[in-house]
Amino acid sequence: MAIRMIEIFPCADPYVFIPSCCYAGNQFRVLKYSYPPMFRKEVAAIDMPISITDVPRLEPDGSGKIEVTTGDAATPCVGVFSPTEKRGILVFTVQQINNRNIGLAYENGVIRLTWPAKREKIYRMCDTSPNPDPWTDEPAEIPCKVLNFSCESLAQFYRVFFENRKIMGLDSTRAEVLSPARQFAIQREKFNAMNWNPALGIYMVGTDGTRYQVWQPGWVGGAISGYPLMKLGGALETERQMQTLRFLFSTQTESGLFHGIVDGAGQVIGDGAIVEGGDNWHLIRKSADVLYVLFKHFRLMQERGMEIPAEFTEGTRKLADRFVTLFETYGQFGQFIDVYTGEICVGGSTSAGIAPAGLAEAWRFFGDEKYLQTAKDSADYFYRNWLSRGYTTGGPGEMLQCADSESAFGLLESYVVLYEITGEEKWLKYAKENAHYCSSWVVSYNYKFPESSEFARLGMKTTGSVFANLQNKHSAPGICTLSGDSLFKLWKWTEDPLYLELLRDIACTIGQYMSTEERPIYDWSLTREALESGDPALLEIHRLPCGFINERVNMSDWEGDSCIGGVFNGSCWSETSNLLALAEVIPLLEK
C-alpha cells in the first residue's frame, strides 16, 4: 500500500473540499434517513438548519475524517481554504494505478492519498457503515501536484480550482457523437411515441421506463422538455406543447404554485406524499423552473407571431406574485411549500435558485418593478447566505439539503439574467464566482471503467458529465435541467476561454449516452457472457430503447461494484438536458 501525507497550514477554521463530494467538510446536521429521504413533519421548520443524510463527512466540530475514492470526485482532488489564514491548498492526483482507484482523505489538518483506496467506512446510498477496504503490500508511487497559495476569499479559492482542474494532464478528450440533426430526430420520435400521454394531452417524463410516466412541471418536468421540442420540431410538437402548457395551468392552485406530481391517470400526488403530513408539500424548485421556462415559451410564440393565451399570462403573473409574496413574508423562498396556502413548510436552501431569473424575466415581460426588485433582493440573499459560503442546496427533491449542482446551475442562470437585464457589474461578478463553483461538479477527465462494464465496452467518455449532488454519488449526462447556455454568455462577456471549454465539455458529451439502434446500451443486469451469447430475446429485455438516456454515469461504488459503469433500464431527465443543449447551445458552438 502507498500513502502520501500532505500537512496543511495550521488553521482553526478549515473549509474542506473534495469536488462533487465534500463542501465545507459536509459539517451539517445529519438526519439518518433511508433512501429516498424526505423531511418528516416533526423536524420541518421555516428556520431550518442545513440538514443532510449520512454521507461521508466531518463532525460539526471538525473532528472525524472523510475517506472516499477518486470515483466519488468530479476531479481527483482534495482542498482546504482558511478564511483567517487567507490561504488555500489544492492537492491534485490521478484516478488510479494498476486499475485500482486512489483514496482521497482528510483528517485533522492532513490530506492523505492512499493506493489502493483505504476506507474504514464505505458509503452505500444514504448509509455509511463499517466495511473497510482490504490492505495490500504492493508498492506504488502516487503522483500528485500541490498548489499552496495565498487566498483572500473562497471565491478566489474556487477560481484557482477552476483554472487548474485539468492540471494533471489526464485524458479529457470529448466523445464523438451523432450529428445534432440525427440526435434530435431520435429524441423527437421517442418523445412523441413514449412520452406523449394522449389521455391527458401532455408530454410526460420519468425514470421507470414505462410507456406513460409521471408528470412533473419543473425539476425534470414536461414543461421544460416540451420547450425544445416546440422550438426544434414542427406543427405536431408545437400543438402538443401548447396542450401541455394548458394542462400545466390546469394544475395551478389558488396559491399560484403548481402541483408537483401527477400520475398517468391524472391523479395528483404531493411532493412530500411519502411522509405523514406531507401530502400538500411542493418542492419550490419545480415552480421556480416553470416561472423561468414560461418566458422562453412566450418569446418563442412572439417570434412566430403566435398569440399567447390569456390564461398563460394570467397564470404566470399569479405565479410570479407568489414568489414576491414568499420573499416579502419570509425573506426567503424556502424548499417545501404548502401548495394550497403558499406557506413555507421546510425553509432554507437554494432550491429556488433560478427564481430570481424568472422574476427578472417577469419584469421584462410585464413591466412591474416589484418583480425586478424581488429578483435582486433574493439573488443577493442567495449570494450572502449560500454561494459565498461555498455550497448550494435543495435542488433535488430527495436529498434533504445535501449540496448539489442543480441549485448551483439554477442560481448561475439568475446571475446571468440579472446582468443581461441590468448591466450591473455585481451580477457578472457573482455569475463568474458561481460558474467556478459549478465547475467543481463537472467531471474534468475520462474515467477508466472496469473492463467488464458496459461503459468500458462502449468506450464512454466522462469528461463533461455532471455530478448532481453529494448524496447520489453518480455523475450524469448534462445539467439537471438546463442547457448551460449561461456559460456561453459568460464567455461572450468575458472572453475567458475556460467558460467555453466547460460548456463544450458538458453539452457535447450527452449524446454518447443515448441508446440507438446502431449502438444499443444494455442495462447493468445483463452479464458480459449473456451479451456475447447474442440471444435476441435476452438482449431485447435488457436493451435500453432507442432514444433513452439514463442518468447514471456511475464512477463511484455507491450502488455496489457491479453498478460501476452501468445503468438501469430507464428513461431519464438527461434526455431533456440533451434536447435543451440541441436547441440552445449546440447551434452556438457550431458557429
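Helices, as named in this tour, are DSSP runs of at least four residues, numbered from the N terminus. The model on display is predicted.

**First stop: helix α9**

Select residues 405-422, which form α9. This helix has 18 residues and reaches 26 Å from its first C-alpha to its last, close to the 26 Å expected at 1.5 Å a residue. Of those 18 residues, 16 are buried, so α9 is largely enclosed by the rest of the structure. Next, inspect the two ends. At the start, a side-chain oxygen of Asp 404 comes to within 2.9 Å of the backbone nitrogen of Glu 406. After the helix comes Gly 423, which has a positive phi, near 75°.

**Second stop: helix α8**

Now select residues 369-385, the 17 residues of α8. Asp 368 caps the N-terminal end of α8, with a side-chain oxygen 3.1 Å from the backbone nitrogen of Lys 370. Colour the buried residues of this helix, which include Tyr 371, Leu 372, Thr 374, Ser 378, Asp 380 and Phe 382.

Buried residues here include Phe 312, Thr 316, Arg 322, Phe 323, Leu 326 and Phe 327. The partners against which the buried residues of α6 pack are α4 (235-250), α5, β21, β22 (344-346), α7 and α8. Just after the helix, Gly 331 takes a positive phi of about 70°.

Move on to Phe 333, in the loop between α6 and β21 (336-338). Is this residue buried or exposed? Phe 333 has a relative accessible area of 1%, and it counts as buried because that value is under the 20% cut-off. Leaving aside residues up to four places away in sequence, Phe 333 touches several residues, including Phe 323, Leu 326 and Phe 327. Its contacts also include Thr 374, Ser 378 and Phe 382.

In soluble globular proteins, nonpolar side chains tend to be buried together. In this model, the largest nonpolar core has 174 residues, of which Tyr 23, Phe 323, Phe 409 and Tyr 415 touch the most other members. Helix α5 (residues 284-303) supplies the largest share of this core, eleven residues. Another core, of 18 residues, lies apart from it and has Phe 39, Leu 283, Cys 345 and Cys 480 among its members.

**Last stop: the cavities**

How many cavities of 30 Å³ or more does the structure hold? There are six. The largest cavity contains about 90 Å³ of space. To find it, select Ile 224, Tyr 292, Val 293, Thr 481 and Leu 482, which lie nearest its centre among the 13 lining residues. The elements that contribute two or more residues to this lining are α5 and α16 (574-584). Helix α5 gives the most, with four residues.

Conventions. Residues are numbered from 1 along each chain as its sequence is written. This is a predicted model: local features need pLDDT of at least 70, side-chain atom pairs count only at pLDDT 80 or more; totals for chains, interfaces and linings use all residues. Side-chain values use heavy atoms; hydrogens and water are left out. The expected span of a helix is 1.5 Å times one less than its number of residues. Buried means under 20% relative accessible area, exposed over 50%, partly exposed in between (1.4 Å probe, protein chains only). Contact means heavy atoms within 4.5 Å. A polar contact is a pair of N or O atoms within 3.5 Å; within protein, one must be able to donate a hydrogen and the other to accept it, and residues adjacent in sequence count only if both atoms are side-chain atoms. A nonpolar core is a set of buried Ala, Val, Leu, Ile, Met, Phe, Trp, Tyr and Cys residues joined through side-chain atoms within 4.5 Å. On a 1 Å grid over the protein atoms alone, a cavity is a set of points where a 1.4 Å probe fits but cannot get out, and a pocket is an open set with protein on both sides within 12 Å along at least five of seven lines; lining residues have an atom within 4 Å of a point. Grid points are joined across faces, edges and corners, and a volume is the space filled by probe spheres set on the points.
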